[in-house]
Amino acid sequence: MEAVIGLEIHVQLSTQTKMFCGCRLSFGDEPNTHTCPVCLAHPGVLPVPNKKAIDYALLIAAALECEVAPRSIFHRKNYFYPDNPKAYQISQFDIPIAINGRLGDVRIHRAHLEEDAAKMIHVGESGRIQGSDASLVDFNRGGTPLVEIVTEPDLKSGAQVREWGQLLRATIKQLGVSNVNMEEGSLRCDANVSIRPVGSDVLGTKTEMKNMNSFRFIERGIEAEIERQKQLVASGGRVVQETLHYDPTSGELHSLRSKEEAHDYRYLPEPDLVPIAPSEQMITSARESLPELPAAKASRYRDQLGVQDAAALLLSFETEWAEFFEGVVAADDSIEPRVAANWVTGELAAELRKQGDEAPSGSRVTPASLAVLVGLVASKRVSHSAAKNVLEIMVAEGGEALEIVKEQGLEQISDSGELEAMVEAAIEANPKPAEQVRSGNDKAIGALVGAVMKQSKGRADGGEVTRLLKEKLSG
Amino acid sequence: MPDSDLKAATAAETAALIRRGEVSAGECLSTWLEQASADELNAYLWTADEAAALDGVDQNSKSPVTGVPVAIKDIFCTRGVPTTAASKILEGYRPPYTATAVRRLAAAGMPMLGKTNMDEFAMGSSNENSAYGPALNPWDRKRVPGGSSGGSAAAVAGGLAPWALGTDTGGSIRQPAALCGIVGLKPTYGSVSRYGMIAFASSLDQCGPLTRDVTDAALLLSQIEGRDEMDSTSTGIEGGISLPSAIGLEGLSFGIPVDLLGEGMDPGVRAVFDQTVSTIEGLGGSVREVRLAHASHGISAYYVLAPAEASTNLSRYDGVRYGIRDSNRDLASMYEITRGDGFGAEVKRRIMLGTYALSSGYYDAYYGRAQRVRTMIVRDFDAAFGQVDFVITPTSPSVAFGLGEKTLDPLTMYMSDLFTVPMSLAGVPAISIPSGMASPEGGGEKMPVGFQIAAPAFGEQGLLEAAFALEAALGFDGSIGREGR
């Protein structure tokens with residue numbers, strides 16, 4: 001059996017104001033402070049679409065290589081719930097703003113504009129609706145612009161969903177149209193999962209997995225659901241269409257509702273709004289204002305700059321890191337991009353993490369100062385291990401690489417006499433490993449190299465030390 | 001000047017008296033507030049005191065209507081003032097904002113006399129669907145004033161307001177104007193902002209004036225029309241509206257839609273209509289037959305489309321945020337009991353009709369088909385207006401009927417809108433002017449008969465000119481006790 005997975009992703013747009021009224025978007029503010037008659041659905045109010053949200057949707061459509069509908073229309077999706085004050089959500093139904101796109105190896109079925117629901121807060125010990133004493137509604141979030149992206153069922157595993165999801169998140173983030181923060185709910189992902197015999201082109205009965213707030217959990221949830229469906233079918237059972245919740249702490253799947261309880265949304269073309277008819281100019285300008293997107297950036301780093309695969313992906317998914325990397329390369333064109341990339345994604349990222357920082361933007365290290373350090377290593381004036389010590393100081397206190405090297409006396413030993421003396425001292429002080437090397441045990445050389453490095457405080461070139469040791473001990 | 005003169009004056013005449021300083025805006029307001037508070041017709045659901053009437057009003061405005069008070073249908077949201085749409089579900093509701101049309105009138109210096117009675121959520125043709133009892137027809141208080149803007153029509157005809165604002169979805173301005181012997185104009189869809197007008201059927205609802213004469217209708221429309229950034233379906237009327245002055249109908253052609261005027265019309269109404277047609281010809285207008293082949297299906301399409309939109313528009317009355325709320329702690333029961341108690345029978349009937357029509361599996365058969373009929377009616381009007389300047393019909397197939405006469409038979413009640421619904425579906429402007437008197441079919445005192453003229457979209461100015469010329473020739477001034485000829 002193989003799994004077939006399709007995704008529905010809700011992206012909250014980071015516009016100034018809500019989708020259909022002038023209330024400011026907010027997160028974490030005092031409840032019900034960003035509301036007006038329109039987003040509280042008072043009698044007589046009318047929606048007016050947010051032009052910026054339409055522009056943002058066009059940007060997403062362009063980034064996902066979608067066709068834009070010449071006239072897309074809004075519909076009312078009717079259902080009663082306190083988080084839905086009009087008792088209908090304004091969404092798009094049969095003519096969405098964008099269709100038939102692609103991102104990486106996954107086809108995009110459609111993308112449409114809609115408004116977010118308000119937030120329910122269940123008062124009581126559990127914090128969930130079951131067993132709560134009362135439910136409160138915070139309408140601050142109600143009416144936030146959303147773009148819902150629906151993929152074709154092109155995904156095959158939880159791991160692929162995680163990887164593709166991260167690519168999508170990086171792509172949207174690059175556009176600057178959303179905060180794409182899954183914990184805050186500005187990016188939300190639902191998955192439709194089914195299984196079928198390998199090679200079949202018939203889709204099996206799907207289940208829908210909702211409300212997963214990280215791609216790790218989504219991966220695990222989907223794997224658990226695929227496993228459940230496989231076991232069910234293997235034991236002669238049948239998959240039932242239902243909505244599931246994956247609990248990442250227990251690893252269990254809970255049914256939220258079955259098909260019998262499914263809503264009839266009674267879709268109705270929204271008579272209060274005219275169709276969205278973007279001009280050719282709006283579509284072209286969206287296409288032309290696209291930044292270099294992560295997938296394209298990764299392949300440029302890989303194919304043109306020779307950056308290693310993993311580093312290329314890391315850099316292209318995080319705008320800030322990519323900018324830092326490009327800054328290093330630009331500061332000194334004698335530095336190999338491959339080497340610069342390794343320093344940025346390796347040593348620098350590790351040092352920042354160690355000192356409790358996530359991003360390079362706030363750190364004291366600038367692309368130019370890192371370029372100097374990398375240059376010193378490349379020209380063999382500073383050893384790799386000494387350079388790491390320098391970087392630690394740069395991250396902690398700032399400063400220029402060259403000055404730190406001088407202050408700390410970390411310049412690589414270039415005087416072969418000095419180095420030779422150190423090597424000989426190390427052999428003398430460690431007779432046992434020296435003897436082992438002499439009798440053919442090459443592994444024992446490590447202890448001797450270590451001793452030299454320690455004595456030189458990392459100023460020695462490890463390669464040169466090894467060469468000298470071998471020379472002395474083979475004689 | 002004596003109060004009686006002020007009460008007899010049209011709004012335009014009153015505005016002129018105020019401008020010339022012959023009467024002060026304050027005197028004018030107190031006279032009319034006194035009239036409104038002496039309401040015996042149940043025309044008002046709420047009447048203002050002086051402070052409330054002037055709340056938000058620009059008294060220094062130099063508009064052509066400054067100082068002339070107005071009655072507002074209770075379907076318009078008015079900040080801090082009870083607004084119920086004549087429904088129990090909105091009992092006690094005071095909106096936090098004011099409708100655009102009302103705001104424009106306040107900005108033009110017009111005080112608000114009060115909020116007028118209506119059929120609940122504008123659903124009805126007799127005002128008997130008000131949760132607060134029907135308004136009465138001032139010509140005969142045992143008869144209905146029409147609906148849904150029955151309170152507005154009764155107030156103007158009964159001398160309780162110089163003029164009033166109403167709304168029309170399938171005839172709700174024109175039919176009560178006809179039944180009460182006054183002028184009612186439904187503008188082109190999109191001319192006037194719908195922001196703050198409690199929605200019944202959003203693709204049909206339009207706000208308009210109920211007045212004593214055609215000049216007043218033009219004057220009031222000129223103040224409310226215009227694009228509003230709060231209503232993305234609003235466009236306004238290009239060039240605005242000026243006061244009509246035509247004296248003849250030479251060169252103008254009028255079409256009678258024979259498909260529509262087949263059956264179901266009172267003989268008395270027919271006779272007045274035929275006489276009015278002769279008057280048009282006497283004024284130099286030419287009259288011929290036109291086809292509106294699908295207009296007779298208008299009522300059927302309307303009673304699918306309007307309830308479908310209403311069923312979703314009225315879903316927001318759920319007890320969560322405003323209005324009445326049942327105290328049940330279980331969500332589903334709270335919804336059911338709140339809505340069950342809050343809505344009247346006709347509103348429930350239409351919510352159920354509309355919910356059914358939108359249900360999956362039935363959508364195409366009902367809503368989809370009704371939309372196609374609507375498209376055909378739009379084309380019929382396009383074709384007709386290719387041949388004639390105006391389409392004319394009686395406004396209503398009968399004169400005002402007795403209270404309770406049709407309440408048990410909704411289908412007969414729905415037929416009251418037979419001649420007005422097609423124009424609503426086509427979105428074109430139409431006016432009803434009083435054209436004479438006729439005896440009710442079952443006998444009794446003569447009652448007013450309305451004459452409807454419809455024009456192409458945004459043809460309001462031409463429509464008002466023709467209505468003005470015809471009004472002068474008919475000599476019917478809308479006052480009770482004075483019959484035109």
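Biologist: Which residue is the bridge partner of A:Arg76 in E14(A)?

Modeller: In this model, which is predicted, the bridge partner of A:Arg76 in E14(A) is A:Leu268.

Biologist: Why are strand E4 and strand E14 of chain A called edge strands?

Modeller: The order in this open sheet of three strands is E4-E3-E14 (chain A), and the pairing is antiparallel. Strand E4 (88-92) and strand E14 (268-269) of chain A each pair on one side only, and this is what makes them the edge strands.

Biologist: How do you know whether chain A is compact or spread out?

Modeller: Chain A contains 15 helices and 14 strands. For its 475 residues the globule rule gives 23 Å, whereas the radius of gyration is 29 Å, which is well over that value, so chain A is concluded to be more spread out than a compact globule. Along the principal axes, its C-alpha atoms fill a box of roughly 95 × 55 × 45 Å. As for burial, 43% of the residues of chain A count as buried.

Biologist: Which residues of helix H13 of chain A are buried, and what does the word require?

Modeller: A residue is called buried if 20 or more other C-beta atoms lie within 10 Å of its own. In helix H13 (residues 431-438) of chain A, the residues A:Pro433, A:Ala434 and A:Val437 are buried.

Biologist: Why can one say how the buried residues of H13(A) are placed around the helix?

Modeller: Looking down the axis of H13(A), the buried residues fall within an arc of 105°, so they line one face of the helix. An α-helix has 3.6 residues a turn, so residues three or four places apart point the same way. On the other side of H13(A), A:Pro431 and A:Lys432 are exposed. The buried residues of H13(A) are covered by parts of chain A that include helix H12 (416-429), helix H14 (445-456) and helix H15 (462-474). After H13(A) comes A:Gly440, which has a positive phi, near 105°.

Biologist: What makes helix H6 of chain B count as mostly covered?

Modeller: Eight of the eight residues of helix H6 (residues 150-157) of chain B are buried, among them B:Gly150, B:Ser152 and B:Val156. These buried residues pack against several elements of chain B, including strand E1 (44-47), strand E3 (112-116) and strand E6 (206-211). H6(B) is followed by B:Gly159, whose phi is positive, near 75°.

Biologist: What makes domain 1 and domain 2 of chain B touch, and how many residues take part?

Modeller: Residues are in contact if their C-beta atoms lie within 7 Å, and by this test 33 residues of domain 1 of chain B are in contact with 31 residues of domain 2 of chain B. On the domain 1 side of this contact, helix H7 (174-180) and helix H8 (214-224) of chain B each supply at least two residues. H7(B) gives the most to that side, with six residues. That side of domain 1 of chain B is made up of 15 nonpolar, eleven polar and seven charged residues.

Definitions and conventions: Residues are numbered from 1 along each chain as its sequence is written. Chains are lettered from A and ligands numbered from 1 in the order in which they are written. This is a predicted model: local features need pLDDT of at least 70, side-chain atom pairs count only at pLDDT 80 or more; totals for chains, interfaces and linings use all residues. Two residues are in contact if their C-beta atoms, placed from the backbone, lie within 7 Å. Helices (H or I, at least four residues) and strands (E, at least two) are DSSP runs, numbered from the N terminus. Ala, Val, Leu, Ile, Met, Phe, Trp, Tyr, Cys and Pro count as nonpolar, Asp, Glu, Lys and Arg as charged, and the others, Gly among them, as polar. The radius of gyration is taken over C-alpha atoms; the globule rule is 2.2 Å times the number of residues to the power 0.38. A residue is buried if 20 or more other C-beta atoms lie within 10 Å of its own, exposed if 12 or fewer, and partly exposed in between; C-beta atoms are placed from the backbone. Two strands pair if DSSP finds at least two bridges between them. The arc is that of the directions from the helix axis to the C-beta atoms.
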